[in-house]
Amino acid sequence: MEQRSLLQRAIARPEFGPFVLLVVELAIFGGINPDFLSADNLSNILAFTVELGLIALAMTLLMTSGEFDLSVGSLFGFSPVLMWTLFNSGATPLWAAFLIALVVAALIGWVNGLFVTRLKIPSFLVTLGMLLVVRGTALFVTNGFPQRTWNAGDQPLAELLVGTFYIGNFRVYMSLLWFAIAAIVLGYVLTKTKAGNWIQAAGGNPNAARARGVNVDATKVWLFILCSVLSTLAGVISSIRTSSANPNSGTGYELEVIAMVVIGGTALTGGRGTIIGTVLGIFILRVMRNGIVLIGVPGLAYNIFIGAIILGMMALHSWLDRRHQEGR
């Protein structure tokens, strides 16, 4: 009876569905093409996972609070452009350009938060407008051309962010460690701290949260700032890894990030979020993108699979919620 109860509780958790789906993906792709489970391919999957993953972690907290940010993809492209423009022009050393990019991103997140909390404009409209402003600025500054980054290899910052080391034959990027640290810290914040309670209360019932002394507006502003800063970090990591700071980078990332978070079990309406689920959602989509190519499915079909996964996982989460409310 106790074992059955533990199984029922495990099935009821929002992370259960994503975990099963990820295992099924790995089994199918590994069975069709043994190269999928090779050390080199798994290393590549992890390398690409970091960039969208960092944004998704921050988006999890923001969506738990009842808001979301459509400007993250534009910041992913704009911030590296800003950093490399400052560095290549000789205006600042690379580390200073990186800090300036982070500060500018924080200011953009702060503006998003103020518009949402003070002016009471829906986050969809605010961040959509910011997306256009930031993307347009990046294109205007660069005339639409990528910025030169290929002399970054000898920079300590590049080694710190995307340097590599080996565990046996398995290549690990430093950026993966930063992703792991961010996941652990944000997971702890969301589930074990007063700030995490505030975030969930702000998304679940903001009026009741205010009545109990929760500073809902400040909580949301800080989460918008977090989204912008981690989007900048992700963009900088990508620019160093690919040796290119393209103003068009990150186009469409905002929707893919939201998909990762929702697939992982975070409620789109706020009040419930899970970092573990988001990590699973990140791997589900990155494994899918890599696996369909290795088994011979055209990469252009990727969005078909993503849409199907989103619909399927939403149906599963809805079913599990109903069972939980019925006490089954």
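Q: Which residues line the largest cavity?
A: They are Phe-76, Gly-77, Pro-80, Gly-235, Ser-238, Ser-239, Thr-242, Ser-244, Ala-245, Asn-246 and Ser-249. To count as lining, a residue needs an atom within 4 Å of a cavity point, and a cavity is a set of points on a 1 Å grid over the protein atoms alone where a 1.4 Å probe fits but cannot get out. This is a predicted model, where local features need pLDDT of at least 70 and side-chain atom pairs count only at pLDDT 80 or more, while totals for chains, interfaces and linings use all residues. Residues are numbered from 1 along each chain as its sequence is written, and side-chain values use heavy atoms, leaving out hydrogens and water.

Q: How much space lies in the largest cavity?
A: About 40 Å³, counted as the space filled by probe spheres set on grid points joined across faces, edges and corners. A search of the whole structure for cavities of 30 Å³ or more turns up one.

Q: What makes up the lining of the largest cavity: nonpolar, polar or charged residues?
A: Three are nonpolar, eight are polar and none is charged. Here Ala, Val, Leu, Ile, Met, Phe, Trp, Tyr, Cys and Pro count as nonpolar, Asp, Glu, Lys and Arg as charged, and the others, Gly among them, as polar.

Q: Which helix gives the most to that lining?
A: H11, with four residues. H4 and H11 (216-242) each supply at least two. Helices are DSSP runs (H or I, at least four residues), numbered from the N terminus.

Q: Why is the pair of Phe-76 and Tyr-253 called edge-to-face?
A: Their ring centres lie 5.0 Å apart and their planes sit at 65°. Rings of Phe, Tyr and Trp (its six-membered ring) pair if their centres lie within 6.5 Å, with planes under 30 degrees apart counted as stacked, over 60 as edge-to-face and the rest as tilted. So this pair passes and is edge-to-face. Phe-76 is in H4 (residues 72-88) and Tyr-253 in H12 (residues 253-263), 177 residues apart.

Q: What makes Trp-84 and Phe-87 an edge-to-face pair?
A: Centres 5.7 Å apart and planes at 75°, so edge-to-face again. Trp-84 and Phe-87 are three residues apart in H4, which means about one helical turn.

Q: How do you know whether Phe-76 is buried or exposed?
A: Its relative accessible area is 2%, so Phe-76 is buried. The rule is under 20% for buried, over 50% for exposed, and partly exposed in between (1.4 Å probe, protein chains only). Tyr-253, at 25%, is therefore partly exposed.

Terms used:
1 Å grid on protein atoms, 1.4 Å probe; cavity = no way out; pocket = protein on both sides within 12 Å on 5 of 7 lines; lining within 4 Å.
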